[in-house]
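Please walk me through this structure in a viewer, one selection at a time. I would like to know what to select at each stop and what is found there.

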There are 2 protein chains.
Amino acid sequence: MPRITSVEVIDVRFPTSLTRDGSDAMNKDGDHSAAYVVLHTDEPSLAGYGFTFTIGRGTDLVAAAATQRADPLIGREVDDLCENLGAIYRELQSDSQLRWLGPDKGVIHLALAAVMNAVWDLAARRAGVPLWRLLTDMSPQQLVEAADLRYLADVLTPDQAVALLEQKESGRKQRIEELEATGYPCYTTSAGWLGYSDDKLRMLCEEAVAAGYKHVKLKVGADLADDIRRCGIAREVIGPDGHLMIDANQVWEVPQAIEWVNALAEFDPLWIEEPTSPDDILGHAAIRKAIAPIGVATGEHGMNRVLFKQLFQAGAIDFCQLDAARLGSVNEVLAVYLLAAKFDVPVCPHAGGVGLCELVQHLAIFDYVAVSGDLDGRVTEYVDHLHEHFVEPCVVRNGAYVVPVAPGYSAEMHRESLQTYQYPHGSYWAALP
Amino acid sequence: MPRITSVEVIDVRFPTSLTRDGSDAMNKDGDHSAAYVVLHTDEPSLAGYGFTFTIGRGTDLVAAAATQRADPLIGREVDDLCENLGAIYRELQSDSQLRWLGPDKGVIHLALAAVMNAVWDLAARRAGVPLWRLLTDMSPQQLVEAADLRYLADVLTPDQAVALLEQKESGRKQRIEELEATGYPCYTTSAGWLGYSDDKLRMLCEEAVAAGYKHVKLKVGADLADDIRRCGIAREVIGPDGHLMIDANQVWEVPQAIEWVNALAEFDPLWIEEPTSPDDILGHAAIRKAIAPIGVATGEHGMNRVLFKQLFQAGAIDFCQLDAARLGSVNEVLAVYLLAAKFDVPVCPHAGGVGLCELVQHLAIFDYVAVSGDLDGRVTEYVDHLHEHFVEPCVVRNGAYVVPVAPGYSAEMHRESLQTYQYPHGSYWAALP
């Protein structure tokens with residue numbers, strides 16, 4: 001029986017600030033980064049890979065926290081962990097001294113996500129299946145046992161969650177076949193980073209349409225005149241039937257958000273993403289009311305399930321953009337999918353960064369197959385950056401994620417990438433003057 | 001003109017888990033700790049001291065984050081900082097790469113609190129006055145310029161905040177004299193830690209009453225039968241006119257909180273503190289509605305001003321227990337006091353831990369003198385632990401904080417304490433087998 005023998009945690013940073021890939025009104029110069037975790041076992045061919053996504057400084061803090069978080073895993077039997085994925089999550093999560101630094105938010109929670117993502121990857125590899133398949137092979141009872149439902153009982157008890165999953169149990173197989181034929185629909189953000197010129201924006205929108213995308217997303221919020229011009233370019237390229245999304249990355253006050261978004265209404269945006277503080281549930285609810293029928297989307301900074309519960313309770317959002325590496329791994333992601341199903345809000349996961357696309361494809365497929373059974377209003381983010389560093393990169397064809405087949409959570413990076421971009425001693429960073 | 005020459009950050013941990021001081025239903029074995037910051041200047045007699053409070057593991061993460069947060073201070077002129085306390089806060093807070101790890105929550109925000117608390121301490125020392133006096137000497141305009149009002153514009157604009165402070169400008173001097181005569185009222189939590197026996201509980205309640213306290217607080221939430229027995233003892237000792245508060249430290253689900261608190265209603269608690277997740281604004285609102293007239297209190301884990309804004313908007317709390325070392329120092333504390341005044345909710349700051357009493361006495365005095373002008377419903381926590389480590393410990397007499405007179409924010413610890421309890425190499429920890 002294999003055991004976990006050691007935990008390797010790597011601070012890896014890619015110098016994306018040089019090209020302004022990923023630039024937006026709040027984050028002008030991020031270096032897309034990860035706190036990357038490898039769970040080594042005494043079987044050389046078996047390891048678990050996971051990470052959380054960061055944007056440069058402070059990745060070292062998350063890496064140090066991940067090392068502490070993962071410590072209780074050393075010496076554990078892999079099969080024990082795989083059979084009790086809820087129990088090991090709760091054990092790591094409930095360290096009361098680390099909990100004080102949250103609870104369930106910020107650096108310690110990002111670190112929990114990185115570690116438990118690696119545990120889920122290990123479980124899928126041990127089972128010899130991709131993560132989405134591991135999840136769709138689990139019974140409603142098993143899924144609910146793995147989900148973090150703490151603090152949700154006022155809207156969703158475990159029994160209610162089981163009932164919700166049982167409603168969609170029949171038809172799982174058929175929906176898998178459907179996705180294997182068509183893929184899971186996605187949209188692209190690669191066109192619209194704020195740092196790009198108008199010409200580059202137009203060209204990238206044209207390329208997106210040519211590649212089969214029906215949705216295009218632009219960053220907004222730095223300058224209204226620029227936003228009007230850029231939205232005009234995008235709308236012109238995608239035509240009246242294409243979907244235009246806009247994303248302000250938290251730069252506005254609530255009244256300002258309402259005014260600014262209404263000034264862009266002529267371009268018929270499908271949603272405004274992150275109009276204000278990600279913590280402001282009631283603010284999002286007020287914005288949503290004031291800009292309808294334009295939708296409100298948020299979630300990439302949604303710190304935990306308790307925040308999402310309230311976003312749903314308050315009727316604050318039209319689209320839930322949970323983040324696979326900010327929530328406490330699959331355990332907490334499950335809870336948010338269940339809440340979203342209960343409140344009938346479509347989940348369109350946040351992706352991009354480093355490796356988030358690799359992760360969320362599994363989650364979106366699982367949602368369609370086992371939770372929502374619905375594609376209506378659902379589209380998963382795709383950003384065409386940094387996939388070359390992954391051993392099993394996601395594949396997008398005709399504006400849809402191709403269903404992954406390799407065992408695991410698609411989270412493993414190439415050793416060479418790690419050696420090059422490990423911070424600060426990897427060959428890239430060490431060679432800087 | 002003095003300049004900041006270096007920043008010293010110390011992980012200091014006191015072994016309180018040995019005596020179960022501070023034990024509650026969520027935190028059974030915390031070692032009360034601090035990430036402690038010293039801003040050294042080129043004037044040997046001038047330094048700034050600050051900290052944030054933690055409970056053991058992970059203090060190293062906060063200390064590492066504080067080192068990063070404080071880095072831009074090195075080389076700065078002290079007087080420049082003191083004249084622009086809002087500007088330096090915003091500069092440190094808005095590092096976009098660190099912001100990604102929050103924003104404004106968890107480890108990076110605790111670290112900001114520690115660093116900016118030291119800057120405020122330095123400013124008060126440079127002015128030669130205690131922090132409360134530095135604040136009460138500032139004009140409404142200066143206070144609002146220092147306050148972090150971002151994301152609050154839907155309920156409180158800077159102009160409204162100035163107007164609010166102007167209403168209480170006259171009478172500042174008289175209220176100071178009043179507090180200098182009587183002190184600021186406090187209550188004690190030292191009696192009711194969950195790990196104490198019934199006999200110890202009774203004895204400590206008797207001692208509290210004898211010492212002039214009118215309020216006593218008990219930890220609850222582990223076992224209902226125990227809670228009924230312990231509340232009975234406390235109520236018997238303090239009599240029908242004393243105030244009994246109870247504190248569950250986040251252990252309940254929302255429906256469970258309602259049931260449990262109502263089962264303790266016969267003991268007439270003034271408030272239930274932290275009944276559920278500190279992030280659950282709507283949950284607190286639901287609990288408050290279901291247990292009236294028992295009040296709801298929360299705030300020691302209130303992560304930032306955006307959370308407090310919503311607690312007020314939702315009518316979720318009767319008492320605001322902001323924490324001086326979890327919010328981003330005085331800058332963000334100012335914002336929460338202003339919000340509380342606008343919504344007419346009394347602020348009863350969280351204290352205890354390490355050094356929180358030393359800090360909050362300044363804030364409570366400032367609130368009475370310059371913001372609320374009111375003592376009704378207001379009582380500040382006091383816990384009789386670990387004061388011996390501070391150079392200017394707070395003094396409590398007849399159930400009230402004596403107005404401090406020494407320059408600064410009362411945050412400086414004795415060098416000997418730091419040398420003994422620095423983790424892991426201080427003499428206490430190094431000597432453990």
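This is a predicted model: local features need pLDDT of at least 70, side-chain atom pairs count only at pLDDT 80 or more; totals for chains, interfaces and linings use all residues.

**Stop 1**

Select residues 4-133 together with 417-431 of chain A and colour them as domain 1; then select 172-414 as domain 2. The C-alpha centres of these two domains of chain A are 23 Å apart. Their contact involves 46 residues of domain 1 and 50 residues of domain 2. About 3,900 Å² is buried between the two domains, and carbon and sulfur atoms account for 64% of that area.

**Stop 2: polar links between the domains**

Show the side chains of Arg305(A) and Asp104(A), which form a salt bridge with an N to O distance of 3.1 Å. Between domain 1 and domain 2 of chain A the count is three salt bridges. Polar contacts across this interface link 18 residue pairs, with both residues at pLDDT 80 or more.

**Stop 3: the domain 1 side**

Keep domain 1 of chain A and highlight the elements that each give two or more residues to the side touching domain 2:

- strands E2 (33-41) and E3 (47-54) of chain A
- helices H3 (85-93), H5 (106-127), H6 (131-136) and H17 (415-421) of chain A

H5(A) provides the largest share of this side, nine residues. By residue class, the domain 1 side consists of 23 nonpolar, 15 polar and eight charged residues.

**Stop 4: chain A against chain B**

Now display both chains. Here 60 residues of chain A touch 60 residues of chain B. The two chains bury about 5,200 Å² between them, with 55% of it on carbon and sulfur atoms. On the chain A side, select Arg57(A), Gln97(A) and Trp100(A): these lose the most area to chain B, together 17% of what that side buries.

**Stop 5: polar links between the chains**

Centre on Lys105(A) and Asp279(B), whose side chains meet in a salt bridge at 2.8 Å, N to O. The count between chain A and chain B is six salt bridges. Across this interface, 40 residue pairs are in polar contact, both residues being at pLDDT 80 or more.

**Stop 6: elements of chain A facing chain B**

Which elements of chain A each supply at least two residues of the side that touches chain B? Select E3, H1 (59-70), H4 (96-99), H5, H12 (254-263), H13 (281-291) and H14 (305-313) of chain A. H1(A) gives the most, with six residues. The chain A side comprises 28 nonpolar, 17 polar and 15 charged residues.

Key. Residues are numbered from 1 along each chain as its sequence is written. Chains are lettered from A and ligands numbered from 1 in the order in which they are written. Side-chain values use heavy atoms; hydrogens and water are left out. Domain bounds come from an automatic or database domain assignment. Contact means heavy atoms within 4.5 Å. Buried area is the accessible area (1.4 Å probe) that two parts lose on being put together, summed over both. A salt bridge is a side-chain nitrogen of Lys or Arg within 4 Å of a carboxyl oxygen of Asp or Glu. A polar contact is a pair of N or O atoms within 3.5 Å; within protein, one must be able to donate a hydrogen and the other to accept it, and residues adjacent in sequence count only if both atoms are side-chain atoms. Helices (H or I, at least four residues) and strands (E, at least two) are DSSP runs, numbered from the N terminus. Ala, Val, Leu, Ile, Met, Phe, Trp, Tyr, Cys and Pro count as nonpolar, Asp, Glu, Lys and Arg as charged, and the others, Gly among them, as polar.
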